[in-house]
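Have the sequence and the 3D view open as you read.

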Amino acid sequence: MADTTTKPDSETPWHAAFPKPTITAPLMPRNRVLQILSLRGVGAMVLIDVRRTDYEGSSSGRGPRCAAWFSEYISSVGDENMQAMTLEGGIKGWVKAGPQYVRLMDGYRAEYWGQFEREEGVKGGEVKKGAA
């Protein structure tokens, strides 16, 4: 018997299954996020990590899409007290910004994040000092 189930096209990006966002969520400067997260007892911010282990290795894909979709949802329910924003530079920008940023990351592993620094050196046409 032939297989009649529809299989997803491996070339189709994950987000193609959803409607395109109709808005762009504003950027939140990472230094502002650092200030807010550094204050003790402040519960006015939730930073949501939407990374996955998949083929989207960029902070400019899933994060802005999810922020835009959530922003659309907030607007649709009429919530005027909540705002969805995209982290400026994404998680990679956060890590590259230095120790004061990564100290706020649960489960930060320097050996894992070093791979992205090496990749960027190769993509830019030059290998950074110390890159394998």
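What follows covers the overall layout, a surface patch and a charged pair.

This is a predicted model, so to speak of local features takes pLDDT of at least 70 and side-chain atom pairs count only at pLDDT 80 or more, while totals for chains, interfaces and linings use all residues. Residues are numbered from 1 along each chain as its sequence is written, and side-chain values use heavy atoms, with hydrogens and water left out.

The protein has five helices and two strands, in the order β-α-α-β-α-α-α from the N terminus. Helices here are DSSP runs of H or I with at least four residues, and strands are E runs of at least two. Of the 132 residues, 22% are buried (under 20% relative accessible area; exposed is over 50%, partly exposed in between, 1.4 Å probe, protein chains only).

On the surface, Phe-70, Tyr-73, Val-77 and Met-82 make a nonpolar patch with about 390 Å² of accessible area together. Such a patch joins nonpolar side chains within 5 Å, from residues with over 30% relative accessible area and no salt bridge. Phe-70 sits in helix α2, residues 62–76.

As for charges, the structure holds one salt bridge (a Lys or Arg side-chain nitrogen within 4 Å of an Asp or Glu carboxyl oxygen). Glu-111 pairs with Arg-109, their closest N and O atoms 3.5 Å apart.

| Residue | Relative accessible area | Class |
|---|---|---|
| Phe-70 | 36% | partly exposed |
| Arg-109 | 45% | partly exposed |
| Glu-111 | 58% | exposed |

Technical notes:
Patches are made of residues with over 30% relative accessible area and no salt bridge: like charges are joined within 9 Å, nonpolar side chains (Val, Leu, Ile, Met, Phe, Trp, Tyr) within 5 Å. Accessible areas come from the Shrake-Rupley method with a 1.4 Å probe; for residues, only the protein chains shown count as cover.
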